[in-house]
Each structure stands twice: as structure tokens, then as C-alpha cells.
2 protein chains.
Amino acid sequence: MPSAADQNAMTQLIRKLESIATLSDKEQQAIQSLPVKIHTLGARHDIVRDGDQPRHCCLILDGWACRYKLLREGKRQILSFHIPGDVPDLQTLHLPTMDHSLATVTKATVAFIPHESLRQLTVNFPSLSALLWRDTLIDAAIFREWMTGIGRRSAFERIGHLFCEMYLKLQAVGLAEGYRCPLPLTQVDLADALGLTSVHVNRVLKEMRGRTLITLRSQTLVIEAWDELLRVSEFDPMYLHLEKRAAA
Amino acid sequence: MPSAADQNAMTQLIRKLESIATLSDKEQQAIQSLPVKIHTLGARHDIVRDGDQPRHCCLILDGWACRYKLLREGKRQILSFHIPGDVPDLQTLHLPTMDHSLATVTKATVAFIPHESLRQLTVNFPSLSALLWRDTLIDAAIFREWMTGIGRRSAFERIGHLFCEMYLKLQAVGLAEGYRCPLPLTQVDLADALGLTSVHVNRVLKEMRGRTLITLRSQTLVIEAWDELLRVSEFDPMYLHLEKRAAA
DNA sequence: CGGCATGTTGAATCTAATCAATCCACGTGG
DNA sequence: CCACGTGGATTGATTAGATTCAACATGCCG
């Protein structure tokens, strides 16, 4: 039987899924009764590694995580950032072998959900199967947007773009408002996510501050001029495929 | 009733799906009986556009296609290349609005399959639902690999990487062998896919030829030194998640 | 207080972009 | 059959954006 704490855990997932669709009571109940194992992890700690074949998925309950690939010479590409409600390794349900790693960014609480239970859920609720599928498709849509940024946008645009994206994703699950949100990333993290060096990220951030677009200190981002940042970053939130469109 | 020609069309899809899984006779029959509308399109012709809400998916029967995003100032990022057997807009099944465009690269024959029929298929055959899901997950895995390349690999590595990838994908569906495959891409296409300029692509190709790694002319790529190209491009085919692992 | 991770700044360098001209292959029409 | 047009490929010269290397500042944690 899932405990009260576990159900609380699943509430995170429900909130996330409701940001991209609508759930019936039955569906919510089915999710609530998924069995989970809750763990607390330190910052910068691998959850699943490249090459692993995990038997469960990882739901972020608190803190941030990221997916990344390591190349020879120690180069790193961060593929995505994840916040509470996300299941960053949902793809393992149908791609057994990890082709990248998943790690915490901050200290984090995560819930492990057995593949077995998730598979059962998809069998009993085809509509939830479609919804989880949709979630992985949005994941892919974000990859496409990042690829476009890294391939064809300036450093300035890339950073602005990421800030807009993270703010909207956090806002969609109630973790941000008033153009202010947590951003527990180092400049090295930003660089590795955006295909830049930390030195260059530092200089662009300086310029953004100079133009009063943002404030960024003590892990908190404030977007001082949303419309302006949107414009100069050429940001269009459509690719996030959020059900409830956010801050215009 | 699907005609003989249509069934022939679906054989392409079956061959592709068998490159990433195994299909039962029942499943193959179900796929064969999907209704399709077959079209022939010229080269460089949009199939679906950014913002569209199509009511069918597009199966490539012959020729190449690509997905791309257009930015202001006419910059273009190509997100993926597609070959016969691919369904490049399968995601529209659960993400109704296109966040990018799909176009032919060469003259091409395509089959349109109504969403309605595909949805019915996923309801009647949960195993096929999982398989199509898996296909979109591999799609995403390739995005991740491209992102990593554009973000952190040299121009040389990126190009080598793409050549290895396309060769293996073509080989997996029987469209290439002996380290020789069609590559109907211009240097501008390569540049837009890899986050480079065509001038730079040209110079890197020159170097590759000089090092006797490849031959590339009249739309045909020959990989003259597979192991060497693999090595210098740091290529590992794992991310393609092919069922039958190919040329070592 | 000390130590280490993170952030900041400057100078030199380099990869790849940009701009621009030319070349080449191919198909077409006179 | 050859002149011409066109898209693609190639090359050179120059520039710019970002990297690299290095030093130093800041801030946080034990």
C-alpha cells in the first residue's frame, strides 16, 4: 500500500502531467497508487549512468537534475535540466539501455517507480499511456529547440532562451511566479548546456545585467524585462506544448 | 481495402520497424491493412509546416526528407534526415501542432496515414503502440546525439559522425552495403544540420578526402576507412538503438 | 580561519564565419 | 552541338565570436 508520503510524492507527477494535459479522477487515483521508493541524494550525484539498464524510472520530487553526455577530453554536453514533477528517464521504459547519464544538480529527493508498475499503468489506462508518450515527445521537442539554439543562435540568445524556458517550466508546476525563479546552476553548467565556455557565459551574463534584462544571484533568477528578453532571444514558448499557456 | 501497391508501401514501414524490434505475423498484417494515400513530391518541397495541425502522418517510401526550423535572418537548423521507412512526423499523433517543418530533400514518394487509423492500431495492438513510442524515443536519442555533436564536437567529428549514422540507418533497412550509400545532400544541407557554414563543410570534406577517409561525389558516399572514421569521429552506434547491430 | 568551488576579468589566440570571386557539372534551348 | 543559365562546390582574404590561459576575487562551508 502506498503511504501518505508516497501519495504526496505522486501529487508532484500529477501536477506536472496536468501542465500538459487534463487528468480524470480515475487516472489520478491510478497514478496515486503507483508504488515508489523515495531517496534523498546529495548535489552532483549520478542517478543513472550511460550504459545502465535500470528497472525503474526516476521522478524528481525536490531539487534539480540534468541529463548529460561525457566525451573524451572531459568535454560534457548537458542535454536537459529537470525540475520537480519530471521523470527524466521515462524513455527507459522502451529504450532499456541508457545512452547518457542522469545526475542531480542540487541536493534532491527522488521517487523510483518500477518499470513493471508503469507498464501495468499503460496497459490499464491507454489514455495515460498516450499522455506519458506525449511527455517524452515534449522532451524531444525541447531537444530540437536546444539543438537549434546551439546550432544557429548567438550565445546571448541561447542564454536568454534558456532563462525563458526554465521560468515557464517552473511556473507551469507552481514553482515560480512574478518573473522570479530558482536557478541553481553554475556558469559551467550553463556553458555545458549551451555549447559555450563558462568564461563566455560570464561575459554574456554581465551584458544582460548591464542591459537590465535580468538579475541573477544566490541561485535566483529575476527576469527584469520579460517582453524584451523574449524579443532579443527570439523566444516562442510553443515548443513547450504547455496546456495552460503562461506569462505572456 | 488497401491495394497491392499500398501493401507494398507498408512493407517499407515494416522493414524499418523490424530494424528496431521484432514483429509478429498479426502485427505485420495489422500494419499492412493501414489505409494510405500515396503522393509523389518534387525535391525541396514542404510536406508539413511549422504551426500546422496535420490529420495524418507521413511515411517516406522513396527519397529523403528532413525536418528543420527557420529563424529570422533566414538561418536554418536541420533537425534530422529521413529515409524510406521513416515516419518523421509520428509525434503529431500526440503533439497536434508542429513546432518545425518537414520537407523533401530529393524527389520523393510518401504515404499519408490518417491519425485515426494509427490511433486505432495503437488501441488494438498495445505492443505496436509501444513500438511506435519506441521509434519516437530513438528519434529523441538521435536529437541528443546531434545536440552533443553541435555543442561539443569539432566540425570534423560532426561530419564524420553524421556519415557513420546515415550509413548505419540506411544499412539497417537494406539501402546500403559495402560502406557505400546514397547521400543526396548539398554542402549547405550538411552545414545547416551540423551548425556550420557550407564553406567550412567544404574545407573539412577536402581534408577527409585528403586523409582517404571518404569519397563523396554524385550523391554517393563511400566510407574508405570505416574503423578509422569511427575512431576519429568518436562514433558509437549505441544511441541508434538498432536491434540488429550493423557493420562493426 | 582556511580551503575550495565558483565567479570575474584581461590578453592572446584560434576556429569557424563572412564576404566575395571563380569554377564546375549539368541540363536546356537555340 | 554548343552557348548559356543555374545550382553547387571550391578557394582566398578578412573578420568576429568564442576559446584558452592565467590571474585574481568572492563567497561559502566545515
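Which helix gives the most to the surface near DNA strand D? That's α7(B), with six residues. Keep in mind that this is a predicted model, where local features need pLDDT of at least 70, side-chain atom pairs count only at pLDDT 80 or more, and totals for chains, interfaces and linings use all residues. Residues are numbered from 1 along each chain as its sequence is written, while chains are lettered from A and ligands numbered from 1 in the order in which they are written. Helices (H or I, at least four residues) and strands (E, at least two) are DSSP runs, numbered from the N terminus.

**Around the DNA**

- DNA strand D has 16 residues around it, and A:Thr197, A:Val199, A:His200, B:Thr186 and B:Gln187 are the closest. "Near" here means that a residue's C-beta atom, placed from the backbone, lies within 6 Å of the molecule or strand.
- At least two residues each come to that surface from α7 of chain A and from α6 (187–194) and α7 of chain B.
- Sorted by class, the surface near DNA strand D has six nonpolar, eight polar and two charged residues. Ala, Val, Leu, Ile, Met, Phe, Trp, Tyr, Cys and Pro count as nonpolar, Asp, Glu, Lys and Arg as charged, and the others, Gly among them, as polar.
- Now for DNA strand C: of the 16 residues around it, A:Thr186, A:Gln187, B:Thr197, B:Val199 and B:His200 come nearest.
- On this surface α7(A) gives the most, with six residues.

**The sheet in chain A**

- Four strands of chain A line up as β2-β6-β4-β5 in an open, antiparallel sheet. Two strands pair if DSSP finds at least two bridges between them.
- β2 (46–48) and β5 (76–82) sit at the edges with a single partner strand each, so one side of each has no neighbour in the sheet.
- From one strand to the next, the twist averages 35°.
- β4 (residues 65–70) is joined to β5(A) by six bridges, and A:Tyr68 has A:Ile78 as its bridge partner in β5(A).

**Where the two chains meet**

- 37 residues of chain A are in contact with 36 residues of chain B. Contact means that the C-beta atoms of two residues, placed from the backbone, lie within 7 Å.
- On chain A's side, the largest share is 19 residues, from α4(A).
- That side of chain A divides into 17 nonpolar, 11 polar and nine charged residues.
- Helix α4 (residues 126–152) of chain B lies across β4 and β5 of chain A, at about 125° to β5(A). Axes are lines fitted to C-alpha atoms, for helices over the stretch in contact, and angles run from 0 to 180 degrees between N-to-C directions.

- Helix α5 (residues 155–172) of chain B has 18 residues, and 13 of them are buried. Buried means 20 or more other C-beta atoms within 10 Å of a residue's own, exposed means 12 or fewer, and partly exposed is in between, with C-beta atoms placed from the backbone.
- After α5(B) comes B:Gly174, with a positive phi near 80°.
- B:Pro182 is in strand β8 (residues 180–182), and is partly exposed because 17 other C-beta atoms lie within 10 Å.
- B:Pro182 and B:Thr220 are 38 residues apart in sequence, yet 4.5 Å apart in space, C-alpha to C-alpha.
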